[in-house]
Amino acid sequence: MTLAAAPSRRRVLADVIARPSSRALALAVDAGLVVAGAALVAVLAQASIPLWPVPITGQTLAVIVVGAALGARRGAAALVTYMAAGLAGLPVFADFTGSIAAVGKPSFGFIIGFIVAAFVAGWFAERAWDRKPWLAFVGFIAASAVPFVFGIPYMAIILNAVMGLELSFWQLLEAGLFPFILGGVVKAAIAALVIPGAWAAVRAADARKG
């Protein structure tokens, strides 16, 4: 009896970088990519539109791009690094904020969800969904939905259980989902142009070398 082979992991954009033969150097490159990914999320987090109780930011776009470019594990590691940096006090969250007190904000659940979203975007990229814009868009829409799975329940706990606001389920959706749908689709579309475009540039460069 034979088991069906699992889909092979294909290289992502980060794998285009020359991989050092030394394991130590390879780990150093991966660490640098993770930190760079976290820095990109921190930069786009400052593209913020104030909105209660969760601001609209450029984080989701950065999360998708980082996850797709680095792959599932490195992408998730970049977002863990981002979250840890913010909780440690570095001003990497929206509006240049950052402290352990962030766990008490209604928006913190979305930051937790970003870790899984980056993994999902990377998972699709490792299966070459990031090579064609329409496939990339489908995968990135799926990744964009992930933060809401974590963010809305977390927001409900903070607003209702902690702050005692007693918002209804519909009111929670009005606060934490509906304002972000259009922007999420736009961000997924942008990422679905950027990442396949980068792959096109890589193929063109390879063709010139050949």
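The model is predicted, so local features need pLDDT of at least 70, side-chain atom pairs count only at pLDDT 80 or more, and totals for chains, interfaces and linings use all residues. Residues are numbered from 1 along each chain as its sequence is written, and side-chain values use heavy atoms, with hydrogens and water left out.

## The largest pocket

The largest pocket holds about 650 Å³ of space. A pocket here is an open set of points on a 1 Å grid over the protein atoms alone, where a 1.4 Å probe fits, with protein on both sides within 12 Å along at least five of seven lines. Its volume is the space filled by probe spheres set on the points, which are joined across faces, edges and corners.

The lining of the largest pocket has 33 residues; a lining residue has an atom within 4 Å of a point. Nearest the centre lie Val54, Pro55, Thr57, Gln59 and Phe180. Five elements each supply at least two lining residues: strand E2 (56–57), helix H2 (59–70), helix H4 (108–125), helix H5 (133–162) and helix H7 (181–209). Helices (H or I, at least four residues) and strands (E, at least two) are DSSP runs, numbered from the N terminus.

## A nonpolar surface patch and a cis bond

Trp52, Ile157, Val162, Met163 and Leu165 form a nonpolar patch on the surface. Together they have about 540 Å² of accessible area. Areas come from the Shrake-Rupley method with a 1.4 Å probe, and for residues only the protein chains shown count as cover. Patch residues have over 30% relative accessible area and no salt bridge; nonpolar side chains (Val, Leu, Ile, Met, Phe, Trp, Tyr) are joined within 5 Å, like charges within 9 Å.

Trp52 sits in the loop between strand E1 (48–49) and E2. Trp52 counts as exposed because its relative accessibility is 56%. Exposed means over 50% relative accessible area, buried under 20%, and partly exposed in between (1.4 Å probe, protein chains only). The peptide bond from Trp52 to Pro53 is cis, with omega near 0°. Pro53 also belongs to the loop between E1 and E2.

## Salt bridges

Side chains of opposite charge can pair when their charged atoms come close. The whole structure has four salt bridges, each a side-chain nitrogen of Lys or Arg within 4 Å of a carboxyl oxygen of Asp or Glu.

| Pair | N to O distance |
|---|---|
| Arg74 and Asp30 | 3.0 Å |
| Glu126 and Arg127 | 3.9 Å |
| Asp130 and Arg131 | 3.4 Å |

Salt bridges that share partners join Asp15, Asp30 and Arg74 into one network.

Arg74 forms a salt bridge with Asp30. Arg74 lies in helix H3 (residues 72–87) and Asp30 in helix H1 (residues 23–45), so the pair ties together parts that are 44 residues apart in sequence. Arg74 is buried at 12% relative accessibility. Asp30 is buried too, with 19%.

Asp130 is buried, at 0%, and Arg131 is partly exposed, at 23%.

## Positive phi values

Most residues other than glycine have a negative phi, and most peptide bonds are trans. Phe96 has a positive phi near 55°. Phe96 lies in the loop between H3 and H4 and is exposed, at 60% relative accessibility. Ala128 has a positive phi of about 70°. Ala128 lies in the loop between H4 and H5 and is buried, at 11% relative accessible area.

Gly86 is in helix H3 and is buried, at 0% relative accessibility. Its C-alpha is 9.0 Å from that of Ala42, 44 residues apart along the chain.

Gly37 is in helix H1 and is buried, at 5%. Gly37 and Ala24 are 13 residues apart in sequence and 20 Å apart in space, C-alpha to C-alpha.

Val149 is in helix H5 and is exposed, at 59%.
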